Amino acid sequence: MTKYIFITGGVVSGLGKGIAAASLGLILKSRGLKVVNQKFDPYLNIDPGTMNPFQHGEVFVTDDGAETDLDLGHYERFTDAVLSQNNNTTSGRVYETVLKNEREGKYQGGTVQVIPNVTDEILRRMLLSTEETGADVIITEIGGTVGDIESLPFIEAIRQIKYQVGEENCCYIHLTLVPYMQKAHELKTKPTQHSVKELQALGIQPNVVMLRTEVPLDDNTRERLAQFCNLEPDAVIQNLNAKSIYEVPLNMEKEGLGKAVCKALGLKDTQTHLEEWAEMVHIFENPKKHVKIALVGKYIELHDAYLSVVESLTHGGIANEAEVEIDWVDSETLTDDHVTEERLKSVDGIIVPGGFGSRGIEGMINTAKYARTHKVPYFGICLGMQIIVIEYARNVLGYSDAHSTEINKDTSHPVIDLMPDQNGKILGGTLRLGKFECEIAPDTLTYKAYGTKTIWERHRHRYEFNNKYKEELQKAGLVIAGINPERNLVEVVEVPNHPWMVGGQFHPEFKSRPNKAGPLFREFIRACTEVKA
């Protein structure tokens, strides 16, 4: 029988439920169990695809083209899973289905209500991963904080599910904050007590309480919380602030999270195998080299907007035993060549990630020119790849107004343009979304990175390299290193006579792992360390 774990949050938001869920997934997977993570978000958007990055952070894209919450990135990176549309559900998707069913008469004229219609649809989606994957354990993170009005249908659904699958097959984990009062030198347990009481009032008794804290719990505090939360002391797990997110699974295993969950679900507490992960953490925390990478973007005020890129740079650092320092650079501030050189002269490498809209584009073009002319390793992702093409067309081919029609519809040299079959699509109707094939040309930096002719990477964009300029740009020296064979679309470009200047139309950050860095990130960081040396 599949086991179901539900992770809720209390007291405040931003406690790291996603990291906790991903860590638990790794812990249970290391015990030989087949684990699947999923996220249920209470907001009414269908998905985060059209949400402002400043509000939501990064949009994580799966192989099948789902635009999802960034926590799915944590799940994939920690458990080395490949997730799908069914692993992220929002209230918007739930209500969309319920209302469609009502219009089609599937409720036979009955009154449509939150209970049972909405909760039934939530339950259906919660159990979908079981049917698809045959997992031993499904870990479901419930977004938001217990007590939020919008999350109540999800809380009710996870209360009901134990009557469908059996109470012995359900484990409820509640993650809360235990604040430390600096003046009194005292941990305060009342917020957690009230949060658990709120959850109990909604019909759920947590099996495990996980406590975010800045200082270690003493035995008296642990026992007091166990008593007030109706738990054994070994079911009260402290989640101390860690040096890095990669330490969290190791810390949680030491704290007994795996044992507590296995006990609650009647699972055999087999030996864990986290040796490879522990070795990766050791390398990460004991680097032999250091590189400074400028991340040039337009959303730098919210670092979560580039979460997978930053994590992947870290993975590249681990693969090269190098510490990666991120220098966050607002592309709008790079107004001319002099300003750009002054701002970037101290960095060992430059990355320009994806983005949409016109803001900060000229600063990115200045960045690419600086990287090309000063031989600084440069990695362009999606928009960053298009920037390479625009800059090359302007300053090598001599087309001074070369641009993307996303930014300038009147440019006389649209080196980046929409595909003919994309016109008229609604916002969010992106055609190039999810996993696509790319054939790599031999004797290129990209081929050296991947070591294979055919790769599959994930995409999220509408505008493409305009093939009308392909021959001209190649004659001017630009290397076309990767092509999508299905539609003859340019996927990768490289600048010749340069230590390492590569742009990919895809998003390789979505498939990078801490102990298996994305090939382009690994080689980019390697190039940065070699140029620095």
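Two strands count as a pair if DSSP finds at least two bridges between them. With that in hand, let's look at some close-ups of this predicted model.

**View 1. Strands β16 and β17 run side by side.** Here β16 is joined to β17 (residues 414-418) by 2 bridges, and the two strands run parallel. To find your place, look for Ser404, which stands opposite Ile416 in β17.

**View 2. An open sheet of 3 strands.** Follow the order β16-β17-β20, and you will see an open sheet with mixed pairing. Which strands stand at the edges? They are β16 (403-404) and β20 (463-465); each has a single partner strand, so one side of each is left without a neighbour in the sheet. Helix α15 (residues 383-397) lies across β16, β17 and β20, and runs at about 145° to β17.

**View 3. An open sheet of 9 strands.** The pairing is mixed in this open sheet too, and its order is β13-β12-β14-β15-β23-β22-β21-β18-β19. From one strand to the next, the twist averages 25°.

**View 4. Strands β18 and β19.** Strand β18 (residues 432-440) runs antiparallel to β19, and 8 bridges join them. A handy landmark is Glu437, which stands opposite Trp456 in β19.

Key: Residues numbered from 1 in each chain as written. Predicted model: local features only at pLDDT ≥ 70, side-chain atom pairs only at ≥ 80, totals over all residues. Heavy atoms only, no water. Helix = DSSP H or I, 4+ residues; strand = E, 2+ residues; numbered from the N terminus. Contact = heavy atoms within 4.5 Å. Axes fitted to C-alpha atoms, helices over the stretch in contact; angles between N-to-C directions.
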